[in-house]
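Open the model in your viewer and keep the selection panel at hand. This tour goes stop by stop: what to select, then what is there.

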Amino acid sequence: MSQLQPIVEQEVAPLSVIAPRRRGRLRIPGWLSLLLSNPKSRFGLTLVGFMVFVALIAPWISVNNPTEFNLLAARQAPSWHHLFGTTDQGSDIFSQVALGTRRSLILGAAAALLATTLAATLGILAAYCGGVVDEIINFLTSVFLVIPTIPLLIVISGYLSNRGMLTMILVLGLTLWAFEARILRGQALSLRNRDFVQAAKTAGESTWRIVFGELMPNMISRIAAAFVLVFYIALLVDAGLEFLGLGDTSHVSWGMVLYWAQTNSTVLQGEWWPFLFPGLALVITVVGLVFLLAGIDEVSNPRLRQSR
Amino acid sequence: MTAAVQESQPSMELGRETLVELRGLRVAYGDVVAVDGVDLAIGAGEILGLAGESGCGKTTVANALMQILRPPAHVVDGAILFRGDDLTTKGLEELRRYRWRNVSMVFQSAMNALNPVMRVGDQFVDMMRAHERISKRAALDRAAELLDLVGIDRRRVRGYPHELSGGMRQRVIIAMALALQPELVIMDEPTTALDVVVQREILQQIRDLQSELGFAVLFITHDLSLLFEFAHRIAIMYAGELVEEAPAERLQHGARHPYTLGLISSFPSLTAPRERMTGIPGSPPDLAAPPAGCRFHPRCPHCSPADAPLYALQTSVRPVLRDVAPGHRVACHLVEQRG
Amino acid sequence: MTSSIVAPIEVRGLTKHFAAGTGVLRSRSRVHAVDDVTFALRPGTITALVGESGSGKSTVARLLARLYDPTAGTVLFEGTDVSRERRRSDVLRYRAQVQMIFQDPFGSLNPVKTIRHHLLRPLRIHKTVPSERIDARLRELLETVGLIPPDKYLEKYPHQLSGGQRQRVAIARALAAEPSVLVADEPTSMLDVSIRIGILNLMLELKERERLAFLYVTHDLASARYVADTVLVMYAGQIVEQGPAEAVLQDPLHPYTQLLLASVPDPAAGVRERIEVRKGLASAAVDPPEGCRFVGRCPLRIDVCSELTPELVAARPGHSARCHVTAPSPAIREDNHVESTHSAVPD
């Protein structure tokens with residue numbers, strides 16, 4: 001049937017200009033209120049919020065030296081003294097997981113920030129300028145897209161002797177920006193020909209001002225989504241690298257605990273706790289981010305927002 | 001002087017049987033009332049123009065008549081009678097048969113309503129076979145006939161919509177609306193997106209078809225000057241209410257409601273002497289919180305606290321449609337007072 | 001208005017061709033969106049550019065606003081050719097003088113920025129007032145366009161304003177740069193009918209008070225008559241008639257203008273004649289052949305019309321048309337023994 005209902009385009013306020021609302025006695029920003037009202041993002045925010053909380057108090061709830069060898073306490077199942085049990089070397093797993101949370105969140109956020117900044121800047125620039133600039137950036141994006149992330153990371157990690165957190169952030173950020181750049185370029189293309197961009201041009205705005213001042217602020221929800229996406233991918237990739245023993249050995253991380261668990265064949269000996277708890281931490285964080293992403297998507301689409 | 005005037009009933013050109021009647025129709029989108037108590041009648045074979053600006057509720061009235069209101073839009077109150085039958089009491093199956101056979105509709109974005117990957121003829125076939133038992137061959141023949149009727153080469157039946165110009169696509173949509181020989185065709189801004197020359201062609205076409213086939217037309221538009229030329233009767237809506245209704249010629253030269261007069265003064269003429277026009281200051285109200293009393297009073301040049309008793313009425317009591325002449329009714333306190 | 005005053009903006013032979021098709025399938029065919037357009041805008045006047053969709057009128061507007069670069073022809077700004085200028089300082093100087101108002105009031109404002117931001121940017125970019133005066137200037141601008149009290153509007157976002165209010169903000173933004181020319185591309189077609197007159201009256205006011213030169217692009221002849229001093233009629237990328245508004249709209253020369261006038265709903269005109277339905281597009285042609293582009297729909301056509309592209313000829317003082325029959329050039333007139341002024345009689 002080709003009879004369509006008349007579609008009335010409603011003008012809906014963009015996310016970033018929704019007025020702050022009172023929730024109980026607190027005044028919170030409009031966007032936060034919106035995210036809290038969507039069940040998916042509310043769930044996601046709760047999980048992620050919880051992990052952030054853990055990361056914040058980690059130094060206070062952990063033992064002084066989490067990698068200390070204490071053979072007397074080795075291989076203990078979870079108890080009141082060691083909430084998550086101990087490793088084969090006697091280290092407290094609870095502390096390791098807590099401190100690992102701190103590290104993971106910082107790493108994930110930093111890598112996501114780097115990747116998103118690159119993706120947004122290059123993507124929007126390519127869309128707005130068109131022509132030669134677009135061609136160059138597209139070429140660059142294609143090159144980075146073709147490179148397989150994990151093998152590259154393995155090679156780089158294996159090659160580098162210094163595998164500190166900064167290196168990991170750089171490597172993750174530089175390999176994960178490309179696909180989001182494509183997506184953001186697409187969205188910027190659809191905005192580019194909107195009259196307000198043309199109007200800014202006739203007013204005399206410079207290219208950079210238009211990219212950062214006119215286009216980017218209208219893409220906040222998509223950029224936020226990109227950020228969350230890269231965040232959890234970075235977490236997974238990092239955990240994977242750590243697990244393979246190619247990660248950063250100076251800090252405690254979830255993947256590291258899993259690595260030691262694997263190397264010491266703990267499961268074969270019936271010790272489930274070195275695997276379960278770091279794995280759970282990773283799962284909770286990633287699931288939280290995934291739900292947050294789904295909620296952002298729903299909330300950003302004005303049509304879905306309206307028909308609630 | 002206020003005689004005991006009866007609340008006016010929907011009027012119609014004498015001699016026509018009533019095809020459609022809306023009685024006290026009230027439609028809301030969630031909590032916001034978009035159509036607030038409308039009484040309207042359409043006679044067989046007449047062209048009724050429904051004019052108003054954005055937010056006045058005219059499209060909602062059309063959708064209610066066609067029974068295609070989608071949630072959160074719902075009929076809160078009132079009756080929609082087609083030949084005496086109340087549509088609000090009908091079941092889904094009966095409504096499905098009613099749509100397109102008794103009443104059909106041409107939308108504003110009709111040009112986009114054609115499926116780009118189906119041949120024109122097939123879209124007719126689809127639609128016809130959904131409503132009656134007819135073979136594909138017969139349906140295609142009928143489609144070709146209909147294209148002929150609206151002035152398009154029959155061979156276009158085998159073609160695709162993108163091969164047609166905007167005006168031609170609109171004519172295809174009109175042909176589809178006429179396929180099952182409905183008694184009423186609702187046209188919601190059918191020519192707004194078209195150029196002025198094409199618009200005139202289409203309107204000439206519609207008028208020819210209407211006099212040949214005898215269907216009634218509910219013509220919805222914001223362009224009052226179009227209605228003066230093409231409609232038999234015109235009804236004006238503002239903020240969800242009907243404010244004036246009269247035969248076209250009478251409305252053109254003898255309109256009484258300040259909104260209608262303001263609207264007429266918003267159309268500059270090509271031939272009349274050049275003079276400064278005023279339009280209407282302000283903008284249509286937010287339907288979620290319409291003004292108390294007469295909804296037009298914040299913008300009305302005849303509403304001022306200087307005339308205290310009238311002002312009190314205008315700001316607290318909703319005016320009711322009353323006859324000022326045969327077939328001419330107005331909802332305005334000022335008109336009521338002055339007689 | 002003496003002719004020795006240099007018109008702020010003048011275009012000569014303005015031409016814009018686009019490639020037909022896109023990307024890999026880009027053919028060598030060219031769409032002639034604008035062909036050989038010549039006119040001047042004088043201070044304190046409104047020039048209406050009238051035509052149907054695809055006639056090229058919006059392209060002319062964008063060429064004037066330097067959103068496109070012309071394929072050929074010149075744009076003279078106070079006597080100097082600016083069409084090839086590339087330096088930012090030159091372009092900026094031009095932009096300070098020539099501003100644009102767009103058709104979609106909501107689309108032309110940035111949804112995530114306040115009204116204050118919209119007006120502030122041009123003030124900052126063109127440095128029209130010292131920083132102490134900026135706040136006062138913002139209020140002045142809003143008052144000029146009728147948004148009173150200005151404080152009520154400064155901190156609002158576009159979605160909080162009505163269509164008419166948004167368009168007034170757009171006009172205020174254009175005025176912030178203190179231009180001498182304002183290009184208005186269908187500024188009222190997306191507004192409610194009762195609001196349109198307000199905007200048109202504002203344009204008339206600005207023309208009087210600030211002595212601005214307006215180019216008013218529209219498909220609505222009645223509104224063109226209401227505001228314009230001069231009318232240019234465009235068809236398929238070319239200007240087919242130009243002259244004083246009353247002359248063009250009451251006594252048109254070109255058959256296309258006559259067709260337009262016969263089509264516009266005008267209740268004051270009484271009983272109308274039916275118009276002839278002839279096939280033909282009013283929009284830019286792809287690789288148009290030599291000859292008049294209206295020939296397929298014209299009731300007056302003669303042989304030469306399909307062979308030779310007519311020139312714009314002044315059949316009456318100040319009023320010219322592009323038609324071999326009603327405004328023939330002297331050579332054609334001799335060849336065809338056609339009278340110089342001819343009112344259209346349909347076949």
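**Stop 1: chain A against chain C**

Select chains A and C. The rule finds two salt bridges across the interface of these chains. Keep in mind that this is a predicted model.

Zoom in on one salt bridge. Show the side chains of Arg121(C) and Glu205(A), which meet at 2.7 Å, N to O.

Now colour the chain A side.

Nine residue pairs are in polar contact across it, both residues at pLDDT 80 or more. The area buried between chain A and chain C is about 2100 Å². Carbon and sulfur atoms give 54% of that area.

**Stop 2: inside chain A**

Select Asp238(A) and Arg103(A). They form a salt bridge, with the closest N and O atoms 3.0 Å apart. Which parts of the chain does the pair link? Asp238(A) is in helix H10 (residues 220-243) of chain A, and Arg103(A) is in helix H3 (residues 93-129) of chain A. The two residues are 135 residues apart, so trace the chain between these distant parts. Over all chains, the count comes to 48 salt bridges by this rule.

**Stop 3: a sheet in chain C**

Bring chain C back alone, drawn as a cartoon. Look for an open sheet of four strands, with the order S2-S1-S4-S5 and antiparallel pairing. Which strands stand at the edges? They are strand S2 (30-41) and strand S5 (80-81) of chain C. Each has a single partner strand, so one side of each is left without a neighbour in the sheet.

Move to strand S1 (residues 9-19) of chain C. Eight bridges join S1 to S2(C), and the two run antiparallel.

As background, strands of a sheet pair through backbone hydrogen bonds, either parallel or antiparallel.

**Stop 4: chain C against chain B**

On the chain C side, Val193(C), Ser194(C) and Arg225(C) lose the most area to chain B. Together they account for 19% of what that side buries.

How many salt bridges are there between chain C and chain B? The count is one. Select Arg274(B) and Glu246(C) to see a salt bridge, with the closest N and O atoms 3.6 Å apart.

**Stop 5: chain B as a whole**

Along its principal axes the C-alpha trace spans about 70 × 50 × 40 Å. A compact globule of 339 residues would have a radius of gyration near 20 Å, and the 21 Å of chain B agrees with this.

**Stop 6**

Most residues other than glycine have a negative phi, and most peptide bonds are trans. Now visit some exceptions.

- Select Pro71(B) and Pro72(B): the peptide bond between them is cis, with omega near 5°. Pro72(B) is in the loop between helix H1 (58-66) and strand S4 (73-82) of chain B.
- Go on to Arg83(B), not a glycine, yet with a positive phi of about 50°. Its loop lies between S4 and strand S5 (85-86) of chain B.
- Finish at Ile148(C) and Pro149(C): the peptide bond is cis, with omega near 0°. Pro149(C) lies in the loop between helix H4 (134-144) and helix H5 (151-154) of chain C.

Definitions and conventions:
Residues numbered from 1 in each chain as written. Chains lettered and ligands numbered in written order. Heavy atoms only, no water. Pairing = 2+ DSSP bridges. Buried area = accessible area lost by both parts, 1.4 Å probe. Salt bridge = Lys/Arg side-chain N within 4 Å of Asp/Glu carboxyl O. Polar contact = N/O pair within 3.5 Å; in protein donor to acceptor, adjacent residues only side chain to side chain. Rg over C-alpha atoms; globule rule 2.2 N^0.38 Å.
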